Amino acid sequence: MEVPQVDNMNILKALFHYKDDQAPLMWDQKQVDLEALRKKLVLLLISDLDISEEDISIVEDIYSNSRAKRTQQSRLEIVWLPIIDKSEDWESEKTKEKFMKKQRAMKWHTVHRPSLIAKEVIKLAKEEWHFEKKRIIVVIDAQGQVACPDAFPMIYVWGYETYPFSTSAQESQWKETPGLLELLMAPFYPEIQDSIESGQHCICLCGGEDMEWIKMFTTRAPSVASAADVVLEMIYLGKWKPNKQRQRRNTATIEREDLKLKYSLTEEKQMKFWKRLENMGHSRMQLGKRIYEDLIMQDIISLLNMGSSRGGWAVICRGSDFRIKAKGKHILDSLVNFCEWKDNIRRQDFLGALEHYLTMNPGHVDVYKHIKSYERIINIFERTQKVHCLEILKALVSARDYWQPLVYGKTKQRVTIDLLKRKKLLLLLISDCNISEKEINRLATIYEETECEIVWLPIVVAFAQKEFQYKQEKMPWYSVYHPSVINEAAIKFIREVWRYEEKTILVALDQQGRVVTPNALHLIWIWGKGAIPSTISKEEATTSREVVLWKGLSWSLDLITNDLDPIIQRWKQEDNLICLYGGEDIKWIRNFTRTAKQVAKSAAIGVQMLYVGMSNLNKRCSSNIVKITEEELSHCWKERVLIWSFWSRLQSIWHTGYQIGKSMKDDPIMKELTTLLSFDSRECGWALMSKGSGPGALVTAKGSDILECLLKYEEEWKEQALKNGFLPTLKEKLVDYHKLDKCFQLVLPEFATTNLETAECSHCRGTVEKLTFQCCGHV
C-alpha cells in the first residue's frame with residue numbers, strides 16, 4: 001500500500017522542469033509559483049492547443065462555482081497543461097500565438113509555457129491517464145493522490161454537483177440519479193420530470209435524417225396513440241455526428257411545417273444532447289460498468305447505435321423505462337399495421353402490445369446481440385492470418401441465416417458464398433442504390449479483364465425496391481439478393497472501420513482476409529486493371545497498395561489522360577503541342593483558341609486543342625461544346641462519360657496521394673493536381689499545354705494569364721522561345737503573371753472538406769481557409 005503524501009507539492013513539482021527560482025504558472029497575467037497550489041484540490045486540464053471553446057466554457061463554470069462557494073474557494077484550483085508532442089513545434093510563431101490565445105481565454109492557472117512540461121509527464125498522460133487528442137481533467141487531491149484520472153465526463157453531466165470530482169463522488173451521483181431518461185433530458189426539457197412522475201404519458205424520443213420518415217412517423221404515431229387512448233409526447237433529437245447541411249435543412253423543415261412534436265431540439269442542443277450521452281457512457285465505463293451486465297450502458301449504446309444511422313429510429317418510454325427501441329422502418333410498419341395488434345392492448349398496455357408485435361417481427365433492437373455480432377466481425381479481422389476472406393463475407397451478410405444470400409449477375413440465380421472460395425482477391429463494392437451507371441460500366445470493364453471477384457453490398461437507409469433491382473440488373477458480378485441480408489453490426493463496422501460515408505468504396509480483401517486497400521476504386525480509375533494484383537508481393541504485405549503504385553508515377557500528360565482517348569496518343573506521336581483547356585466563358589474560349597493557333601503557327605509548331613469542360617458539366621459547358629464544334633475552334637469530347645472520366649481520374653489521383661500522406665509541399669504531383677483542381681472552380685477558363693517528355697514538358701495556367709502571355713509572344717518572347725524552346729519559355733514567362741490580388745478559389749474533392757485541416761494555395765503559397773476554400777490572404 002502506498003503511503004499517502006503529506007501534501008501535493010511533490011507530484012506538482014514533478015510535472016514541470018521546475019527550479020526554485022522559477023515561477024512556472026500564469027494567473028491573472030502574472031507568473032506565480034507552485035506554492036499557490038499547496039494542499040489544494042487541483043484539477044489538471046490536459047489538452048492540445050485545439051481545445052474547443054465549449055470545453056473551456058464547461059471548465060469555466062466549475063471555476064466560477066468554486067469561487068462562489070466561499071468555504072471551498074481556497075481549496076480548488078485548476079491548471080491547464082497543454083501537450084505539444086514535438087518540442088520544435090513550440091518554436092514556431094504560429095504555435096506560440098495559438099497558445100497565448102487559448103491562455104488568455106482561461107481565468108485559472110496555466111503553465112507559463114508548454115516547454116516547461118517534462119517529457120516524462122507527456123508520456124505519463126498518454127500511457128497512464130490515456131490522453132490522446134481529447135481533453136481530460138485529472139484530479140489531484142490535497143495529499144497528492146490521483147482522485148480521478150478523468151473527471152471531464154462527470155463534470156459534463158453533473159457540473160459542480162460532483163465536487164470533489166473523485167471516482168467515489170461520481171458513483172454517488174449515479175446512485176442518486178432517478179433514471180437515465182431524466183438525467184439525459186433534464187437540461188433540454190425540464191418539464192419531462194412531471195411527465196415521468198405522472199406515469200400517464202408515454203415519451204417518444206426519435207431521430208434520424210430521413211425527412212420523409214420523420215414526417216410520416218410524426219403523423220402516424222400520435223394518431224395511433226390517440227386511438228389507443230394514450231398521450232404520446234414526441235421529442236426530436238436529430239442524429240449523432242450529423243451532416244451539418246442536412247441537419248440545418250431538417251431543423252428548418254420541422255419548424256416550418258409544425259410537425260406534431262412536443263419538443264424539437266435546436267442544432268446546438270442536438271449536438272449537446274449527443275455529447276451528454278457520450279459522456280454518460282464514458283462515466284459508466286470509468287466505474288467498470290460493461291454492456292453485458294449493465295442495463296444503463298445497454299440503453300446508452302442503443303441510443304448511440306441508432307443515432308449513428310441516417311435512417312429514422314424511435315425509443316418509447318413510460319416512466320424511465322426504455323421499453324421500445326426500434327429502427328425507423330419497423331416502428332413505422334408496426335404503426336401502419338395497428339389493426340393487427342390493437343386488440344392486445346386490452347390484455348397488455350399500449351407499450352406491451354407494441355413491444356410484443358415488434359418482437360414477433362424483425363426490427364426490435366437487441367443490443368446484446370448487436371454488440372456481440374460487431375465484436376465477432378472485429379475479432380475476425382484481428383486474426384486474419386488464420387481465416388479465409390469468405391469467413392469475413394459470411395459475417396457481413398448473415399450467411400448463417402441465409403443459405404443462398406448472393407445473386408450471380410450473369411445468371412441471375414441465387415447462390416451460396418462458398419462459390420467464391422477459390423478467388424485470390426475479393427472486392428467488396430459498398431454503396432447505396434444511387435451508385436452511378438458510369439461507375440458500374442467502368443467497373444464492368446475491369447471485371448471482365450481480371451480474375452478478381454466483386455460482391456455488391458448495398459447500404460440503404462430508405463429501401464427502394466425498383467432502384468435496387470435496376471442497379472442489380474446492370475451488374476455482371478455478385479450482389480446480395482436483398483439489402484436486409486447485411487446485418488446491423490456489419491453496417492456499423494463498414495461505417496466505423498472502413499469509413500463508408502454514402503460515397504461508393506471498393507474494399508479489396510486477399511485470400512487470407514487481409515485488407516489490401518480500403519478503397520480500390522480510386523486506384524482503378526487511375527491504373528485500370530493494373531490496380532488489381534494477381535498476387536500479393538512481400539512489399540504489399542507490409543505496405544499499402546497505394547504506396548506501391550504511387551512510386552511508379554510521374555507528372556505527365558499520360559498520367560492525366562491515360563487511355564481516355566486514342567487521339568491524344570496520336571497527337572503525341574506526331575510531336576504536336578497538345579493543349580487541354582476548360583471553363584465556361586465562351587468569349588475567352590474564342591479568344592484563347594484563335595490566339596493559341598496563331599502563336600503556334602508563328603512558332604512553326606503543330607498544335608492540337610481539346611476542350612474538357614468542367615467536372616460539373618452544366619448547361620453552359622454543354623452549350624460551349626456545341627459552339628466550339630460549329631465554329632471549329634478545337635476538338636471536343638462529345639461523350640459526357642469522357643469528361644466525367646477525366647475529372648474523376650484527377651480527383652482519384654489526388655485522393656490516393658492524400659490518403660498516403662502526400663502533400664503539396666513535398667510532392668510535385670500533388671502540387672500540380674491541386675492547381676488543376678483549383679482551375680475547375682473558375683468560370684473564365686484555364687489551359688494545360690504539353691509537348692514531349694523532358695523537363696518543363698507540361699505547363700498549366702489560369703485563362704487570363706495564359707491568354708495575356710500568348711498575346712505578347714511576338715513582341716516580348718518569340719526570340720527566346722526559338723532559342724530555348726517554346727514550352728520552357730512559356731512556363732518561365734507565366735511566373736510573372738500570377739498576381740496576388742487575383743488568387744483563385746481552391747476546390748478539392750468532397751472528402752477533403754472534412755479531412756483536410758489546412759491547405760496551401762498552389763500559386764501564392766497563402767493558407768487556404770477550410771470552409772470557403774479561398775486563399776485567405778488575397779481574396
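Lys492 counts as buried at 16% relative accessibility; buried means under 20% relative accessible area, exposed means over 50%, and partly exposed lies in between, with a 1.4 Å probe and protein chains only. The model is predicted, so local features need pLDDT of at least 70 and side-chain atom pairs count only at pLDDT 80 or more, while totals for chains, interfaces and linings use all residues. Residues are numbered from 1 along each chain as its sequence is written, and side-chain values use heavy atoms, with hydrogens and water left out.

The side chain of Lys492 meets that of Glu496 in a salt bridge, at 2.8 Å from N to O. A salt bridge here is a side-chain nitrogen of Lys or Arg within 4 Å of a carboxyl oxygen of Asp or Glu. Both residues belong to helix H20 (residues 488-496), where they are four residues apart, about one turn of the helix. Helices (H or I, at least four residues) and strands (E, at least two) are DSSP runs, numbered from the N terminus. Glu496 is partly exposed, with a relative accessible area of 32%.

## Other salt bridges

The structure holds 33 salt bridges. Side chains of opposite charge can pair when their charged atoms come close. One of the salt bridges joins Glu714 to Lys718, with the closest N and O atoms 3.5 Å apart. Which helix holds Glu714 and Lys718, and how many residues apart are they? They sit in helix H31 (residues 713-724), and because they are four residues apart, about one helical turn separates them. Glu714 is partly exposed at 48% relative accessibility, and Lys718 is partly exposed with a relative accessible area of 24%.

Glu708 and Lys712 also form a salt bridge, their closest N and O atoms being 3.7 Å apart. Glu708 is partly exposed, with a relative accessible area of 31%; Lys712 is partly exposed too, at 26%. Elsewhere, Arg318, Arg323, Asp349 and Glu355 are linked in a network of salt bridges.

## The chain as a whole

The chain has 33 helices and 26 strands. It contains 779 residues, of which 53% count as buried.

Contact means heavy atoms within 4.5 Å. Among contacts in the chain between residues at least 6 apart in sequence, 69% join residues at least 24 apart.

## Helices H26 and H27

Helix H26 (residues 586-602) and helix H27 (residues 619-630) have axes that come within 11 Å and cross at roughly 35 degrees. Axes are lines fitted to C-alpha atoms, for helices over the stretch in contact, and angles run from 0 to 180 degrees between N-to-C directions. The crossing of H26 past H27 is right-handed. A crossing is right-handed if the near helix is turned clockwise from the far one by less than a right angle, and left-handed if anticlockwise.

On the H26 side, Ile586, Ile589 and Arg590 meet Asn624, Lys627 and Ile628 of H27. The residues of this contact divide into three nonpolar, one polar and two charged. Ala, Val, Leu, Ile, Met, Phe, Trp, Tyr, Cys and Pro count as nonpolar, Asp, Glu, Lys and Arg as charged, and the others, Gly among them, as polar. Val626 is also found in helix H27 and is partly exposed at 44% relative accessibility. Its C-alpha atom is separated by 8.9 Å from that of Cys636, ten residues apart along the chain.

## The loop between H6 and H7

Ser166 lies in the loop between helix H6 (152-158) and helix H7 (167-176). Is Ser166 buried or exposed? Ser166 is buried, with a relative accessible area of 13%. Leaving aside neighbours within four places in sequence, Ser166 is in contact with Ala147, Cys148 and Met154.

Pro164 lies in the loop between H6 and H7 as well. The peptide bond from Tyr163 to Pro164 is cis, with omega near 10 degrees.

## Backbone angles in two loops

Most residues other than glycine have a negative phi, and most peptide bonds are trans. Gln29 is not a glycine, yet has a positive phi of about 65 degrees. Gln29 is in the loop between strand S1 (25-27) and strand S2 (30-32), and is exposed, with a relative accessible area of 76%.

Lys412, also not a glycine, has a positive phi of about 60 degrees. Lys412 is placed in the loop between strand S13 (406-408) and strand S14 (413-415) and counts as partly exposed at 36% relative accessibility.
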